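Subject: Structure for your files

Dear colleague,

The structure is handed over below, with notes on what was found in it. Please read the two together.

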Amino acid sequence: MFTVKQLSKLAGVTPRTLHYYDSIGLLKPSRVGDNGYRYYGEDALLRLQQILFYRELDIPLDDIKKIMGRRDFDVLGALQSHKDALNKQVARLNRLLHTVDNTINHLKGNNIMSEKAYFEGFSEEEQEKYALEAEELYGAEGVRSSMKKWKGYSAEQKRRIMEEGSKNYTDMIAAMPKGADSPEAQGIVERWRKHMDYFWTPKIDQLLDLVNGYNDDPRFKENFDKMHPQLAEFMREAVEVYVANRKK
């Protein structure tokens, strides 16, 4: 049997988390001692493992409770599902690691990297996930229209659009030494804005929302950092100048 302190250390969760799981009926201790201490046996350890697997898959606690509370809940079946999901994550992360290695070697001058290769490992499924989040910021109608427009392009058109988009970023990296308000950087911002017409046409203030997202959302920031660690912030500075100039 494990105490709360012992199990928290073993599983890498806080005692407060275990107390909370108990309070919502998600993970009850195997027994409670006369002293009021909670004790967890093997059944509780296995259940906590399942909870943590589901949390790794970003499933909300309420949904986890419903899933694990079903009479037909099968631990072995759940483990196989976790394994399949994790294998997919491993495959995707391996592709991303390959992209990171290629980008590092490219920036060091050890190899020539195609523009398309900057985005290997980023699936259309992820783009759709980001689109759902974007609906909350920019409105469902516009975002769904954008996704429909994107899906209507041929594979060759998508390839060309992606290469054109990535070139905007590589050109912006080259323009960084000249400053965010330089004619070169501002010209690239204009190209970047026009490139969005392939998907949707944002309002002027929405451009600031986009570049703020590049910096504030860890997922987008990570992607920009792979190209250049200062690119996201430089894009924000350049777009702020662009927007200010058009509001004069």
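**Findings**

Glutamine 186 is buried, with a relative accessible area of 13%; buried means under 20% relative accessible area, exposed over 50% and partly exposed in between, with a 1.4 Å probe and protein chains only. This is a predicted model, in which local features need pLDDT of at least 70 and side-chain atom pairs count only at pLDDT 80 or more, while totals for chains, interfaces and linings use all residues. Residues are numbered from 1 along each chain as its sequence is written, and side-chain values use heavy atoms, with hydrogens and water left out.

Glutamine 186 lies in helix 9 (residues 183-195). Leaving aside residues up to four places away in sequence, glutamine 186 touches Ala180, Asp181, Ala238, Val241, Tyr242 and Asn245, where contact means heavy atoms within 4.5 Å.

For the chain as a whole, there are 12 helices and three strands. Helices (H or I, at least four residues) and strands (E, at least two) are DSSP runs, numbered from the N terminus. Of the 248 residues in the chain, 35% are buried. Among contacts with a separation of 6 or more, 57% come from residues 24 or more positions apart.

In helix 1 (residues 4-11), the buried residues are Val4, Leu7 and Ser8. Seen down the axis of helix 1, these fall within an arc of 100 degrees, so they line one face of the helix; the arc is that of the directions from the helix axis to the C-beta atoms. They pack against strand 1 (2-3), helix 2 (15-23), strand 3 (38-40) and helix 3. The face of helix 1 turned away from the buried side carries the exposed residues Lys5, Lys9 and Leu10. Just after helix 1, glycine 12 has a positive phi of about 75 degrees.

Helix 3 (residues 42-56) packs on helix 4 (residues 61-69) at an angle of about 135 degrees, with the axes 10 Å apart. Axes are lines fitted to C-alpha atoms, for helices over the stretch in contact, and angles run from 0 to 180 degrees between N-to-C directions. That makes helix 3 oblique to helix 4 (under 35 degrees counts as roughly parallel, over 145 as roughly antiparallel, 65 to 115 as roughly perpendicular and the rest as oblique). Helix 3 contributes Arg47, Gln50, Ile51, Tyr54 and Arg55 to the contact, and helix 4 contributes Leu61, Ile64, Ile67 and Met68.

Regards
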